[in-house]
Amino acid sequence: MTDDVLVEVRSFYSPEQSKPAQNEFMFLYRVRITNKGDRTVRLLQRKWEIESASGGKEIAQGPGVIGTQPFLEPGQSFEYTSAVPIRGRVARRSGAAVVGRMSGVYVMRVEEDESGKGSSDPFEVRIAPFYLLLKDNEEN
């Protein structure tokens, strides 16, 4: 949790959108952002670092998430689902079939109202690394 903002992420392998024989894998990830503070915050930008198990790296960044820059009032959560394609080989680590890893940052700021008046300087909320894993029966 950073500055009273909690980010929780779960990833899911999407076999119907993947081509394991060509080392192409699709993952969905569900994000829940919760404002644990006592002031309204707004998500302005995102930056994801995406690493494949075979060493490839990409950056995905831009304004907001899924086309919106949500406001979160105290105690409020915002959830969304997105997808990430990963190209590369599967690696075995601690018995798990790992395809990749993601981590990131949201740039947010405290908002006094939706007009932006009285807003704070932007601050970063770190998104802890999470792995993109296959289940054993889905590995080629």
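A nonpolar core, as the term is used here, is a set of buried Ala, Val, Leu, Ile, Met, Phe, Trp, Tyr and Cys residues joined through side-chain atoms within 4.5 Å. Keep in mind that what you're looking at is a predicted model.

Let's start with the core. The largest nonpolar core has 30 residues, and the members that touch the most other members are Phe27, Ile33, Trp48, Tyr80, Tyr106 and Met108. Which strands give two or more residues to this core? They are E1 (5-13), E2 (24-35), E3 (41-52), E6 (77-87), E8 (96-110) and E9 (123-134). As background, nonpolar side chains tend to be buried together in soluble globular proteins.

Leaving aside residues up to four places away in sequence, Phe27 touches Phe12, Tyr13, Ser14, Ser82, Ala83, Val84, Ile86, Val99, Leu132, Leu133 and Leu134.

Now for the rings. The structure holds 7 aromatic pairs, and here are two of them:

| Aromatic pair | Centre to centre | Angle between planes | Type |
|---|---|---|---|
| Tyr29 and Phe130 | 6.3 Å | 45 degrees | tilted |
| Phe78 and Tyr80 | 6.2 Å | 40 degrees | tilted |

What does the pair of Tyr29 and Phe130 tie together? Tyr29 sits in strand E2 and Phe130 in strand E9, so their pairing links parts that are 101 residues apart in sequence.

Last stop, the pocket. Rolling a probe the size of a water molecule over the atoms shows where empty space is left. In this model, the largest pocket holds about 160 Å³ of space. It is lined by 14 residues, and those nearest its centre are Tyr29, Trp48, Ala60, Ser82 and Ala83. Sorted by class, the lining has 11 nonpolar, 1 polar and 2 charged residues.

Which strand gives the most to that lining? That would be E6, with 5 residues. Strands E3, E4 (57-63) and E6 each supply at least two lining residues.

Conventions: Residues are numbered from 1 along each chain as its sequence is written. This is a predicted model: local features need pLDDT of at least 70, side-chain atom pairs count only at pLDDT 80 or more; totals for chains, interfaces and linings use all residues. Side-chain values use heavy atoms; hydrogens and water are left out. Buried means under 20% relative accessible area, exposed over 50%, partly exposed in between (1.4 Å probe, protein chains only). Helices (H or I, at least four residues) and strands (E, at least two) are DSSP runs, numbered from the N terminus. Contact means heavy atoms within 4.5 Å. On a 1 Å grid over the protein atoms alone, a cavity is a set of points where a 1.4 Å probe fits but cannot get out, and a pocket is an open set with protein on both sides within 12 Å along at least five of seven lines; lining residues have an atom within 4 Å of a point. Grid points are joined across faces, edges and corners, and a volume is the space filled by probe spheres set on the points. Ala, Val, Leu, Ile, Met, Phe, Trp, Tyr, Cys and Pro count as nonpolar, Asp, Glu, Lys and Arg as charged, and the others, Gly among them, as polar. Rings of Phe, Tyr and Trp (its six-membered ring) pair if their centres lie within 6.5 Å; planes under 30 degrees apart count as stacked, over 60 as edge-to-face and the rest as tilted.
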